[in-house]
Amino acid sequence: QSTWGSQHSMSAVIPIQSIFIFGGRSYEECGYGSKRLCFVSKRDSFFFNTTKEVWSQAEAPEDIDATNVTKPLPTKGHSAVTIEESVWIFGGESISKKGETILTNSLFKFNSRERKWYEITPNNYPDALPQKREAHTATLLNSRFICLFGGRGSTGALNDLWLFDTVSLVWSSISPTWSPSPRFSHVAAAITSNSLLIWGGMNGNGKMLDDLYELIVPA
């Protein structure tokens, strides 16, 4: 049984033989004594050891409740990829204390050995950044590049394509010869070092999609 209750729209990836869970959204009471339930975005992070079948807090004990350490916002609908011992988290949606939706385009790295978060500032910041979004996909290509596609931004469904180089720390906007229609809540998986499959999702009109595309990322 998990240790943080029921929630949805979190991320789950596998660095170093453990499943890493971050964020998501749950229902909680709205304020003291309230019987009304509200969406509450989370920023908890947990490991599930797949050998011992045991849950544990991912962050170092001294950082779990600390307010002066670097952490992502409480977030749902973000993306996560693993590169060796690190988990890279991009974007997502949070809710302010006033109940307002906040989309982000921030990038964080969690080092699973150090058990610490690091906020990543791209070397071409702020000149070239993907717009804020949630319900997108991020796919690792060639063990180095994070390929970002689609999602839901402030203007609705998106179909833009971005690459983040985790070595040079630079975002690049990619313009393929064609692209799938705008969508969010789709899935994506790498099939070669420079191509991925994109399936399904929802368009800006709320229509569920069942199309499948192979997207070739230009070198």
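Ser86 stands opposite Asn111 in E9. Strand E8 (residues 86-95) and strand E9 (residues 101-111) run antiparallel and are joined by 9 bridges. Strands here are DSSP runs of E, at least two residues long, numbered from the N terminus, and two strands pair if DSSP finds at least two bridges between them.

E9 is also joined to strand E10 (residues 116-119), by 4 bridges and again antiparallel. E9 and E10 form a hairpin with 4 residues between them. In the turn, Arg115 has a positive phi of about 65°.

## Basis of the model

The model is predicted; local features need pLDDT of at least 70 and side-chain atom pairs count only at pLDDT 80 or more, while totals for chains, interfaces and linings use all residues. Residues are numbered from 1 along each chain as its sequence is written, and side-chain values use heavy atoms, with hydrogens and water left out.

## The four-stranded sheet

E7, E8, E9 and E10, in that order, form an open sheet of 4 strands with antiparallel pairing. E7 and E10 each have a single partner strand and stand at the edges, so one side of each is left without a neighbour in the sheet. Direction ignored, neighbouring strands of this sheet are turned by 30° against each other on average, the axes being lines fitted to C-alpha atoms.

## Nonpolar core

The largest nonpolar core has 12 residues: Val81, Ile83, Trp88, Phe90, Leu107, Ile120, Ala138, Ile146, Leu148, Trp162, Phe164 and Trp171. Strands E7 (79-83), E8, E12 (145-153) and E13 (156-165) each supply at least two residues of this core. Such a core is a set of buried Ala, Val, Leu, Ile, Met, Phe, Trp, Tyr and Cys residues joined through side-chain atoms within 4.5 Å; buried means under 20% relative accessible area with a 1.4 Å probe, protein chains only.

Phe90, one of the core residues, is in contact (heavy atoms within 4.5 Å) with His78, Ser79, Asn105, Ser106, Leu107, Pro130, Arg133, His136, Leu148 and Trp171, leaving aside its neighbours within four places in sequence.

## Whole chain

The protein chain has 0 helices (H or I, at least four residues) and 17 strands. Of its 219 residues, 43% are buried. Among contacts between residues at least 6 apart in sequence, 48% join residues at least 24 apart. The accessible surface comes to about 11900 Å², of which 50% belongs to carbon and sulfur atoms, by the Shrake-Rupley method with a 1.4 Å probe.

Definitions and conventions
Buried means under 20% relative accessible area, exposed over 50%, partly exposed in between (1.4 Å probe, protein chains only). Axes are lines fitted to C-alpha atoms, for helices over the stretch in contact, and angles run from 0 to 180 degrees between N-to-C directions.
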